[in-house]
Structure formats: structure tokens, C-alpha cells
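Have the model open beside you, and try each task before reading its solution.

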Amino acid sequence: MTQSILDLHPRDWPQHFVDLGYKKFHGRIAARWVFQRGIYDWQQMTDLPTALREQLLSTPLLDTELVKASHAEDGAHKVLLKLADDSLVEAVCMPGSKGQTICISTQVGCGIQCGFCASGMDGLKRNLTQSEVLQQAFWLRREFGDFHRIVVMGMGEIGHNLDNVLGALDCLIDEAGANFSGRRITVSTVAPKGAIAAIANFGKTVQLAISLHASTDELRQELVPGIHDRTIEQLLDEAEDYFNITGREFTIEYVLLSGVNDSLEQAQQLADLLRNSRCHVNLIPYNHIDELDFHYPDGKTCEAFAQRLKDNSFSVTLRQSMGKDQDAACGQLRRRTIGLDV
Ligand code: SAH
């Protein structure tokens, strides 16, 4: 795959432009157009020399193709992008009280294969490049306007593509890039070995969410099979280090699945397990996937589960699901579109 300029950190653009035969400040100007002003067409960068703009035309900034944009009744939007190798990847934009939140993917497919998630159903195809991670944010901004938050909760596992995803986030957070606040970025991970430590140590602060989903190792290995070499205790130890390094609390994510992990006994087990952790618990409603035989528990069961955690002094949210009518659950749009002539 040919390298895109978006695989370079914006701090390295000045040197890149020197290598192209121009000046360092041309690189700074170009980075400002792209990261701060949201202009992805070289021709529109009117303060760059005409000859340079023409030279750059052979390397378009957005070298992915917008295949489809879909809209849900609740205001969520989704883009499906075709990559240079014809792989498909999706990204979502959701409205909120403070502004829009975008949700971006890290891989084509996923190797973790959580039992209730569509992303891993066809296995892992490949990691996304830094440029492909950034382009999801850029396409969403181009189609739907500015966003206020970023959640890395789309298809794939960041823990298996740390360099490219953290590289992309660095470009967005850095002053030479978009100068976007890391506090408004949440990365979600099942926490394979070393992932939390890498997120804690990458030099910029982002919010951490850990997909736990179970209160025993046995059940977690069943629901999150892709990382069997990892106990919950090891994971929580690494999370404690994250708190010590960053001074920030993390979020525990727990998809409630009827009859699987939603009993009061399991709520109590979870409370006991997290007793010494500096975390908030986010209970996620299961988003139904046709091929799977899981169900979201009724309202009373969810409330009781949440209440038990609150009784144990945890801060808890019971998240509303978005984009239900437009296949917002991870990977569903992609799965439905693969094989179609789009
Ligand atoms: N690999 C990362 C990020 C991708 S999924 C991770 O697992 O954290 C982002 C969140 O959505 C995870 O907590 C995941 O468990 C959850 N999720 C996946 N499929 C879901 C579904 N069908 N319904 C509700 N949540 C789901």
C-alpha cells in the first residue's frame, strides 16, 4: 500500500514538504488546512504555490471512497468507507447535548470475537493504517460538520493496532495537528496484555474504557474469547497502573445480556471485584443482532443490576443505545453491505 501523507505526524509535514522541494512553512500551512480547517482538497489551499498544489494532486488526502451515508431516526449518521484494497470500514456520528460524538474503527474485522458483537463474525482481515483511522474522522467532519467527542468504539480492537491508532489520536490531539482535547477522546479496549499500559504511557491523556462484561474469568473467556491468556485480576492490576500514571479514573463497560450476566449475584460479584478500582461502571444495553441468540434484559432487571452497584457505592450509567434502526451495533452495516453491489 502506498504511504499517505496522513501516515506522517503533522509535526513531520514541514520536513516532508522540504523533501518535495518546497519550504517548511508550506508543510505547516497544509497541516493547518487539513487538521484545523477541515479542507481535504489540495486545490482549495490557495496560499500554497500552484505548482505544489498540482504536484500534490497525485496523492489525494482522502484516498478512501465514501460508499454510503445512512441516517437513523434518532439523528445518528453512519458512513461506510471503501479502502484502497476494497475493504470496508464504518464510522458513526451521533448528536448529543454538547455537540456531536463520532465513533471510529481500528481494524477491518476483529480477532477478539466477542460472542455478542458483529465485528468479529468474519474474523480479522487487517489493521487500519494511521491514515485510514484519521480519514474516518475527516469524512464524518466533511459530511456532518464538527464533532465534540471521539469514541474509539467501532470495529476492531485498539490493543491489537496500538501504533496506528494512538498515532492517529496523537495527530488529532497535538498542537501541530487538530489541537483536539484528549479528555474528549475515549478509547475502548478488551485490554489484551500491554494495551492499557501503552494507552497510559503514550504521552497524551485520553479516557480509558475497559470492556469487561463478566465478573468471573470463566464467563469472560466465553464472552470475550480472543484473549484467553488474561485474567480479570491481571487486567485490573494494569488498570490500577493507568490510574497511578494518569490520575484519571477509567470506565468499566458491561453489556447486559439476559440470563447470561445480569443476575443480582453477578452484580454483587462485579462490585466485589471492582472494590479497589477507581472506576465508573457503564452498563450497555445489548443491541440486537439477527444472527445471535442474545437478548437485552427487561428494564426492571437492568435497574436492579445498576442499583446493586450503586448500593456498593459505584457511580453507574445505564447507557441508551443509539442508531438502533440503522444497524449501529458494531459491524452490522458492513456485514450487510459486503457482497452487495454498492
Ligand atoms: N474492541 C473494543 C472496541 C469495540 S466495541 C472493545 O471491545 O472495547 C465497543 C463497545 O461496544 C464494547 O464495549 C463492546 O463490547 C460493545 N458492543 C459490541 N457489540 C455490542 C452489541 N451487540 N450490543 C451492545 N454493545 C456491543
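**Exercise 1: the surroundings of threonine 64**

The side chain of threonine 64 makes a polar contact with the side chain of tryptophan 139 (2.7 Å); a polar contact is a pair of N or O atoms within 3.5 Å, where within protein one must be able to donate a hydrogen and the other to accept it, and residues adjacent in sequence count only if both atoms are side-chain atoms. This is a predicted model, in which local features need pLDDT of at least 70 and side-chain atom pairs count only at pLDDT 80 or more, while totals for chains, interfaces and linings use all residues. Residues are numbered from 1 along each chain as its sequence is written, and side-chain values use heavy atoms, with hydrogens and water left out.

Task: Where does threonine 64 lie, and is this residue buried or exposed?

Solution: 
1. Find the loop between helix 3 (50–56) and strand 1 (65–71); threonine 64 lies there. Helices (H or I, at least four residues) and strands (E, at least two) are DSSP runs, numbered from the N terminus.
2. Threonine 64 has a relative accessible area of 6%, so this residue is buried (under 20%; exposed is over 50%, partly exposed in between, with a 1.4 Å probe and protein chains only).

**Exercise 2: two helices**

Task: At what angle do helix 4 and helix 5 pack?

Solution: 
1. Helix 4 (residues 130–144) and helix 5 (residues 162–173) pack at about 50 degrees, their axes 8 Å apart. Axes are lines fitted to C-alpha atoms, for helices over the stretch in contact, and angles run from 0 to 180 degrees between N-to-C directions.
2. The two helices are therefore oblique to each other (angles under 35 degrees count as roughly parallel, over 145 as roughly antiparallel, 65 to 115 as roughly perpendicular and the rest as oblique).
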